[in-house]
Amino acid sequence: MTTKTITTSADGSTTVVESNEDGPPAPPASQAGMPVVIHPSRHHSDDHPDPGSVFLGILIGAGGLWVTQRRRAALRHRAIKLDARGPAEATAEQARMAADVAALARRTATLETIVTDPAQRTAREIEALR
């Protein structure tokens with residue numbers, strides 16, 4: 001069944017709207033110089049997505065989720081590996097640095113002794129060794 005609605009606005013223009021009760025709006029009646037506006041009388045929401053598209057969307061979403069979880073697991077595994085390896089290497093590095101500092105302290109003490117000793121005492125010790 002076709003329904004016609006005629007509307008007159010304040011400026012004197014007339015609008016004719018035609019719509020079908022059983023489906024999409026009917027084409028407007030042609031009127032010379034008159035604007036024609038089509039408003040559907042019923043909203044149709046019978047359009048459903050294609051089942052193949054829905055399945056593909058679910059498949060892509062699941063694949064993206066799987067990739068994200070694998071990447072996070074790999075990063076977590078790497079962090080655990082670095083934490084397990086880190087303290088042992090840090091302890092070895094600290095021990096090596098402590099030994100280097102001790103050796104430098106001994107060398108510095110020897111150089112201070114040589115620089116601050118008067119020449120006579122060093123000469124006496126050398127003569128005593130002969």
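The paragraphs below lead through this predicted model, from its overall layout to a few of its side chains.

Residues are numbered from 1 along each chain as its sequence is written, and the side-chain values use heavy atoms, with hydrogens and water left out. Since this is a predicted model, local features need pLDDT of at least 70 and side-chain atom pairs count only at pLDDT 80 or more, while totals for chains, interfaces and linings use all residues.

The protein contains two helices and two strands, which are DSSP runs numbered from the N terminus (H or I, at least four residues, for helices; E, at least two, for strands). Read from the N terminus on, these elements follow the order β-β-α-α. Confidence is expressed as pLDDT, the predictor's confidence in each residue, from 0 to 100; the average over the protein is 76, and 59% of the residues score at least 70. Among the elements, the lowest mean pLDDT, 64, belongs to strand 2 (residues 14-20), whereas helix 1 has the highest, 86.

Of the 130 residues of the protein, 7% count as buried, a word that here stands for under 20% relative accessible area, with exposed for over 50% and partly exposed for what lies in between (1.4 Å probe, protein chains only). The accessible surface comes to about 11,100 Å², and 62% of that belongs to carbon and sulfur atoms; such areas come from the Shrake-Rupley method with a 1.4 Å probe, and for residues only the protein chains shown count as cover. Where contacts (heavy atoms within 4.5 Å) join residues at least 6 apart in sequence, 0% of them link residues at least 24 apart.

Helix 1, which spans residues 51-116, includes Ile60, and this residue counts as exposed because its relative accessibility is 58%. Together with Phe55, Leu56 and Leu59, Ile60 forms a nonpolar patch on the surface, with about 440 Å² of accessible area together. Patches are made of residues with over 30% relative accessible area and no salt bridge, like charges being joined within 9 Å and nonpolar side chains (Val, Leu, Ile, Met, Phe, Trp, Tyr) within 5 Å.

Further along helix 1, the residue Thr108 has a side-chain polar atom that lies 2.7 Å from the backbone oxygen of Leu104. Thr108 counts as partly exposed because its relative accessibility is 40%.

The structure holds two salt bridges, each being a side-chain nitrogen of Lys or Arg within 4 Å of a carboxyl oxygen of Asp or Glu. In one of them the side chains of Arg96 and Asp100 meet at 3.2 Å, N to O; because these residues are four apart in helix 1, about one helical turn separates Arg96 from Asp100. Arg96 is partly exposed at 45% relative accessibility, and so is Asp100 at 39%. In the other, Arg130 pairs with Glu127, with the closest N and O atoms 3.6 Å apart; here Arg130 is exposed at 74% relative accessibility, whereas Glu127, at 48%, is partly exposed.

Key. Polar contact = N/O pair within 3.5 Å; in protein donor to acceptor, adjacent residues only side chain to side chain.
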